[in-house]
Amino acid sequence: MCDGKRQCQKPEHLIGKPEDCTPEQIKKCHGDVKEHPCVTKAEKK
C-alpha cells in the first residue's frame, strides 16, 4: 500500500510519478476509484 513517501501500489505499471498518472492508468491499476490512492492531497497541488 501507499505511504507518505510517494510509493506506488503498482510500481510495475508506473510511468513517471504517481501524480502524473492519467485517469486510464489509475483505472487500470486501481479500478473505479474517485481519487488516486497513491497520491496525497499535498502532491495533487
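Welcome: the count of salt bridges here comes to one, where a salt bridge is a side-chain nitrogen of Lys or Arg within 4 Å of a carboxyl oxygen of Asp or Glu. This is a predicted model, in which local features need pLDDT of at least 70 and side-chain atom pairs count only at pLDDT 80 or more, while totals for chains, interfaces and linings use all residues. Residues are numbered from 1 along each chain as its sequence is written, and side-chain values use heavy atoms, with hydrogens and water left out.

**The salt bridge**

- The partners are Asp32 and Lys27, whose closest N and O atoms lie 3.6 Å apart.
- Asp32 counts as exposed because its relative accessibility is 71%; the classes are buried under 20% relative accessible area, exposed over 50% and partly exposed in between, with a 1.4 Å probe and protein chains only.

**Overall build**

- The secondary structure consists of two helices and zero strands; helices (H or I, at least four residues) and strands (E, at least two) are DSSP runs, numbered from the N terminus.
- Of the 45 residues in the protein, 24% are buried.
- The accessible surface is about 3,600 Å², and carbon and sulfur atoms hold 51% of that surface; areas come from the Shrake-Rupley method with a 1.4 Å probe, and for residues only the protein chains shown count as cover.
- Among contacts with a separation of 6 or more, 24% join residues 24 or more positions apart, a contact being heavy atoms within 4.5 Å.

**The cavity**

- Rolling a probe the size of a water molecule over the atoms shows where empty space is left.
- The protein has one cavity of 30 Å³ or more; on a 1 Å grid over the protein atoms alone, a cavity is a set of points where a 1.4 Å probe fits but cannot get out, and lining residues have an atom within 4 Å of a point.
- The largest cavity has a volume of about 50 Å³, with grid points joined across faces, edges and corners and the volume taken as the space filled by probe spheres set on the points.
- Its lining is made of Cys8, Lys10, His13, Leu14, Cys21, Gln25, Ile26, Cys29, His30 and His36.
- By type, this lining divides into five nonpolar, four polar and one charged residue; Ala, Val, Leu, Ile, Met, Phe, Trp, Tyr, Cys and Pro count as nonpolar, Asp, Glu, Lys and Arg as charged, and the others, Gly among them, as polar.

**Residues in the segment before helix 1**

- His13, one of the cavity-lining residues, is found in the segment before helix 1.
- With 35% relative accessibility, His13 is classed as partly exposed.
- From Glu12 to Cys29, 17 residues apart along the chain, the C-alpha separation is 9.8 Å.
- Gln9 belongs to the segment before helix 1, a helix that spans 23–30, and Gln9 is partly exposed at 27% relative accessibility.
- Gln9 and Pro37 are 28 residues apart along the chain, with their C-alpha atoms 8.2 Å from each other.
- Lys17, likewise in the segment before helix 1, is partly exposed at 39% relative accessibility.
- Lys17 lies 9.3 Å from Gln7, C-alpha to C-alpha, and the two are ten residues apart in sequence.

How values were computed
1 Å grid on protein atoms, 1.4 Å probe; cavity = no way out; pocket = protein on both sides within 12 Å on 5 of 7 lines; lining within 4 Å.
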